[in-house]
Amino acid sequence: MLRNACSASATLRALGVVRSAAAAPAQQLQQIRRLNIHEFQSSELMAKYGVRVPPGIACRTPEEVSAAAKKLGGDSGQVVVKSQVLAGGRGLGNFTSGLRGGVHIVPVGEAEALSRKMLGQTLVTKQTGAAGKPVDTLLVAQKLKLVNEMYFAILLDRASAGPMIIACSEGGTSIEDLAESHPEKIIKMKINLDAGLTTAQAIELAEGLQVSGSKDDAAKQLQALYDVFVKSDCTMLEVNPLAETDTHELVAADAKLNFDDNAEYRQKELFALRDHSQMDPREVAAGKFDLNYIGLDGNIGCMVNGAGLAMATMDIISLHGASPANFLDVGGNASEQQVVEAFKILTADPKVKALLVNIFGGIMKCDVIASGIVNAAKQVGIKIPLVVRLEGTNVEAGKEILAASSLNIITADDLDDAAKKAVAALNNNA
């Protein structure tokens, strides 16, 4: 999926671990779709490894919220009610209904009434986009007395080909902003995969975080977080804030975890937690047929094989004055069924006014893909201009199949020619 500044790579760039964003393209796409789970699920996972988390209960009805609030109210008589959406910035977000804030601290007696204004509504944050995300679950958490807030994260560092810990004694705020204004406050520690996070390293981190309680206890909590990262095949574990209570114990007050999709075969329980309601329905449909799809805001639909070729196709469309409606990679060995499903996804987007198919036949033969395109176009009933550029194995046979079809398919000789014809067809179809 498309990754924004909250992704592991963007966080690393912001912290100066890899090349600065200025040296990178303005918009980056990643073909990998990583599993992302809700906060309450992350808390449950971390607790299994001995990480201290705030007591909390996931609720899906106002009645459940009321019962949870009464159970967790404690001495303060207050609870924290948190919207569960797969996006950051919830506290500063707004519901489309007008309610401000996706996270609230309220008296126990007001929790149920508040939940009725949150459940079933759409929350818009700086990371959801204008469409927002549906709030189907609320996390009711015990209000803790936090005396110190820190930042702790474990990321995969390409340069060292291993985990890297990023930490700071100041947390609860944007780590990217802090890294820009006070880079000297950021702690960076590379971890040897064979040795793991050693006790000596963990104590060094606890000292750097300026923990006021037991350094040994803090070190054990940091090692437990590292265990979560490794044993759960995480690509990112971010705790912000990693907080200290008034009893001087470390608590993972809020956490964001991402997981490597390549580990799905051995993390079946984790991947069963995937919340499709938080995803673009087109991405969900594409995933069922092993297609890599990312929706964009343009009007030329693209079907390409290979991530690099897909990005080049998008770039050259933009160069000629139009904009791509999507990133869709059918892979190196697409079947006719996959091509049909790709066409269905592309043509279902009302913004798409023209289609550009750009295929380089290596393992995938051009005659096979040409037959798939023709049959798919007939099944779907293409009513918008279709531009096809084929190159590679059996390309002449592929072109003959396209020419012999009764469809109005515009063929192109190279990528530049294809982009020009797609843009021209788009303008003529306007």
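How many of the six residues of β3 are buried? Five of them are, and the strand is mostly covered. Buried here means under 20% relative accessible area, exposed means over 50%, and partly exposed lies in between (1.4 Å probe, protein chains only).

## Basis of the model

This is a predicted model, in which local features need pLDDT of at least 70 and side-chain atom pairs count only at pLDDT 80 or more, while totals for chains, interfaces and linings use all residues. Residues are numbered from 1 along each chain as its sequence is written, and side-chain values use heavy atoms, with hydrogens and water left out.

The pLDDT is the predictor's confidence in each residue, from 0 to 100. Its average over the protein is 87, and 91% of the residues score at least 70. Residues 1-10 have a pLDDT below 50, and this stretch has 30 contacts in the model beyond near neighbours in sequence. Over residues 18-32 the pLDDT also stays under 50, with 26 contacts beyond four places in sequence. A contact means heavy atoms within 4.5 Å.

## Strand β3 and helix α3

Helices (H or I, at least four residues) and strands (E, at least two) are DSSP runs, numbered from the N terminus. Two strands pair if DSSP finds at least two bridges between them. β3 (78-83) is joined to β5 (residues 103-107) by five bridges, and the two run antiparallel. Lys82 has Val103 as its bridge partner in β5. Five bridges also join β3 to β8, again antiparallel, and Ser83 stands opposite Leu138 in β8.

Helix α3 (residues 62-72) has Pro62, Val65, Ser66, Ala68, Ala69 and Leu72 as its buried residues. These pack against β2 (56-59), β3, α4 (111-118) and β8 (138-142). An α-helix has 3.6 residues a turn, so residues three or four places apart point the same way. Just after α3, Gly74 takes a positive phi of about 60°.

## A three-stranded sheet

β4, β6 and β7 form an open sheet in the order β4-β6-β7, with antiparallel pairing. Because β4 (94-95) and β7 (133-134) stand at the edges, each with a single partner strand, one side of each is left without a neighbour in the sheet. β6 (residues 122-124) is joined to β7 by two bridges; in one of the pairs, Thr122 has Pro134 of β7 as its partner.

## Nonpolar cores

A nonpolar core is a set of buried Ala, Val, Leu, Ile, Met, Phe, Trp, Tyr and Cys residues joined through side-chain atoms within 4.5 Å. The largest one holds 37 residues, of which Phe152, Ile165, Leu197, Leu257 and Phe259 touch the most other members. Helix α7 (residues 215-231) supplies the largest share of this core, eight residues. A second, separate core of 33 residues includes Leu328, Met364, Ile384 and Leu402.

Not counting residues up to four places away in sequence, Ile165 touches Phe152, Ala153, Ile154, Ile187, Lys188, Met189, Ile191, Leu197 and Leu205.

## Loops and backbone geometry

Pro385 sits in the loop between α12 (366-380) and β19 (386-392). Its relative accessibility is 17%, so Pro385 counts as buried. Leaving aside neighbours within four places in sequence, Pro385 is in contact with Lys353, Ala354, Leu355, Ala425 and Asn429. The C-alpha atoms of Pro385 and Asn428 are separated by 9.4 Å, although these residues are 43 residues apart along the chain.

Ala161 is not a glycine, yet has a positive phi of about 55°. Ala161 is in the loop between β9 (146-157) and β10 (162-168), and counts as exposed because its relative accessibility is 61%. Asn394 also has a positive phi, near 60°, and lies in the loop between β19 and α13 (395-404). At 35% relative accessibility, Asn394 counts as partly exposed. The peptide bond from Asn240 to Pro241 is cis, with omega near 10°; Pro241 lies in strand β12 (residues 234-245).

## Cysteines

A disulfide is a pair of cysteine sulfur atoms within 2.5 Å, and a search of the whole structure finds zero of them. For Cys366, the nearest cysteine sulfur is that of Cys302, 18 Å away. Cys366 is buried, at 0% relative accessibility. Cys168 is buried as well, with a relative accessible area of 0%.
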